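The sequence and the structure come first.

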Amino acid sequence: MMLISAAWIFVLLLGGGIALDRTLTNLVENNFDEQLEYVQTALLSSAEIGPDGEVLLYRPLGDQRFLEPNSGVYWQISGQGHEPFPSRSLWDRSLEVEGDHVDDEPHFYNSAQFSEEPLRIVERSVILPGSETRWTFTVASARGELDAQITRIRSILFWSFVVLALGLLVMAALQSYYGLRPLRRVRLAIQRIRTTGHNRVTDPLPLEVQPLVQELNALLEHSEKQAEEARTHAGNLAHALKTPLTVLTNAATARDPKLADLVFRETKSMQRHVDHHLARARAVGRRSTGLSRAEVWPSAESVLRAVTRIYEETRFDVDGNRLAQVAIERQDLDEILGNLIENAAKYGGGSVFVTIDAEPERKECVIWIEDDGVGIPEAERERIFDRGARLDTGKPGTGLGLAIVRDVAEIYGGTVELAESEDLGGLLVKLILPRYGIEPIS
């Protein structure tokens, strides 16, 4: 920021200084030239042609310096075929006239014909009454005073712009320092979080950095939540595996003759627990990308094709919005619908009805899975989501299907509700998932 500020200040001051220098220099030179032209006009108005054809002044100029030798101001009247008529201040010198052109208007230029006295000269050619000669009226003045004024102006400009540049740089430095000071306070607050164990930035900070602090606190909260979820998953997995491992250890120690069957049953249980927690971990990882999208209809059709092969006698119907999209990964949606539809087929009476986007007026996408089974008593509907909970133990299973459904749906901001189906009389599962393109309601 300081380098950019310094470069920009330098460019602006340099351009402004050059422009101001040219403007003031031209003003001083124009003023100097106007004085020379005024003298030239007075010289022209005082000139006349004498009896012998030579030019004369019928009244002398008022400036006494023209009478002092080498005074620094001079005039001279010259014409072709005539001797130059100089001012007394020229003494034994004469002005070299640029006679290769005609100046009907005043012509200003610089001359170095006097080695130690640079001159500013104005020339003009006129034909006086009573003469056919084109006379050149020349007025010259030493540039010393003019150059001294220009030097003083440039010196004042230079030091003024140096002071201005230093002031602007100091102001830019102070502005950068105090403007970025809140960010240093944020850094110190983050350092305190790391060293003292605080979990939020609570320091009073300016409004300009409050959005940054809010996002930082939200990130810390999200990280804490993920860490807590990881600890919970690790603890749940350890608890789920502890009992099967204890059973296997005891059976192996006692040399149980049914050890093979026991190992098969318990390892299947452990595998199911591992799959459950891996599904949750994958869902959490995919959710963090924030770009999840899945089309519900193709996912439901894919699941129905797979479940139909297992439950060939069950009638499956699907209806609803074919274009519905939800903010969830296709693999996780397949797993959720697979568990729910398979449970409906397993525990139903032979009919399963799936309705996609059953409540289109809602911001979320609602998917109904209905069956014609005996349903679940209202008092048991919450407990059925617990890991390992089963109401019908006569059919194979581990009791983790609904737990996986609820956990994965909640990871994406969705919910699962159980009710009684009015049309089929069995269980109605309402799967509520966030629509794609709409912020989920927290």
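In what follows, two residues are said to be in contact when heavy atoms of the two lie within 4.5 Å. The model is predicted, and every value below is computed from it.

## Overall make-up

The protein contains 7 helices and 14 strands, and buried residues account for 37% of its 442 residues. Among contacts between residues at least 6 apart in sequence, 58% join residues at least 24 apart.

An open sheet is formed by 5 strands in the order 4-3-7-6-5, with antiparallel pairing. Its edges are strand 4 (85–86) and strand 5 (107–111), each of which pairs on one side only. Helix 1 packs on this sheet, where it touches strand 3 (73–79), strand 5, strand 6 and strand 7, and its direction makes about 140° with that of strand 7.

Strand 6 (residues 119–127) and strand 7 (residues 134–142) pair in the antiparallel sense over 9 bridges, and isoleucine 127 has arginine 134 in strand 7 as its bridge partner. The two strands form a hairpin with 6 residues between them, and in the turn glycine 130 has a positive phi of about 85°.

## Aspartate 21 in helix 1

Helix 1 (residues 2–46) also holds aspartate 21. Is aspartate 21 buried or exposed? Its relative accessible area is 13%, and because buried means under 20% relative accessible area, aspartate 21 counts as buried. Once its neighbours within four places in sequence are left aside, aspartate 21 is in contact with Arg154 and Leu157.

## Helix 5 and its buried face

Helix 5 (residues 296–310) has 15 residues and reaches 22 Å from its first C-alpha to its last, which is close to the 21 Å expected at 1.5 Å a residue. Its buried residues are Val296, Trp297, Ser299, Ala300, Val303, Leu304 and Val307. Seen down the axis of helix 5, these buried residues fall within an arc of 155°, so they line one face of the helix.

The elements against which the buried residues of helix 5 pack are strand 8 (294–295), strand 9 (315–320), strand 10 (325–326), helix 6 (330–347), strand 11 (351–356) and strand 12 (364–371).

In soluble globular proteins, nonpolar side chains tend to be buried together. In this model the largest nonpolar core has 40 residues, and those with the most contacts inside it are Ile341, Ile369 and Leu431. At least two residues of this core come from each of helix 5, helix 6, strand 11, strand 12, helix 7 (401–411), strand 13 (415–420) and strand 14 (427–434), while helix 6 gives the most, with 7 residues.

Which residues is isoleucine 341 in contact with, leaving aside its neighbours within four places in sequence? They are Val303, Leu304, Val307, Phe316, Val354 and Ile369; of these, Val303, Leu304 and Val307 are among the buried residues of helix 5. Apart from this core there is a second, separate one of 27 residues, which includes Leu36, Val39, Leu61 and Ile150.

Conventions:
Residues are numbered from 1 along each chain as its sequence is written. This is a predicted model: local features need pLDDT of at least 70, side-chain atom pairs count only at pLDDT 80 or more; totals for chains, interfaces and linings use all residues. Side-chain values use heavy atoms; hydrogens and water are left out. Helices (H or I, at least four residues) and strands (E, at least two) are DSSP runs, numbered from the N terminus. The expected span of a helix is 1.5 Å times one less than its number of residues. Buried means under 20% relative accessible area, exposed over 50%, partly exposed in between (1.4 Å probe, protein chains only). The arc is that of the directions from the helix axis to the C-beta atoms. Two strands pair if DSSP finds at least two bridges between them. Axes are lines fitted to C-alpha atoms, for helices over the stretch in contact, and angles run from 0 to 180 degrees between N-to-C directions. A nonpolar core is a set of buried Ala, Val, Leu, Ile, Met, Phe, Trp, Tyr and Cys residues joined through side-chain atoms within 4.5 Å.
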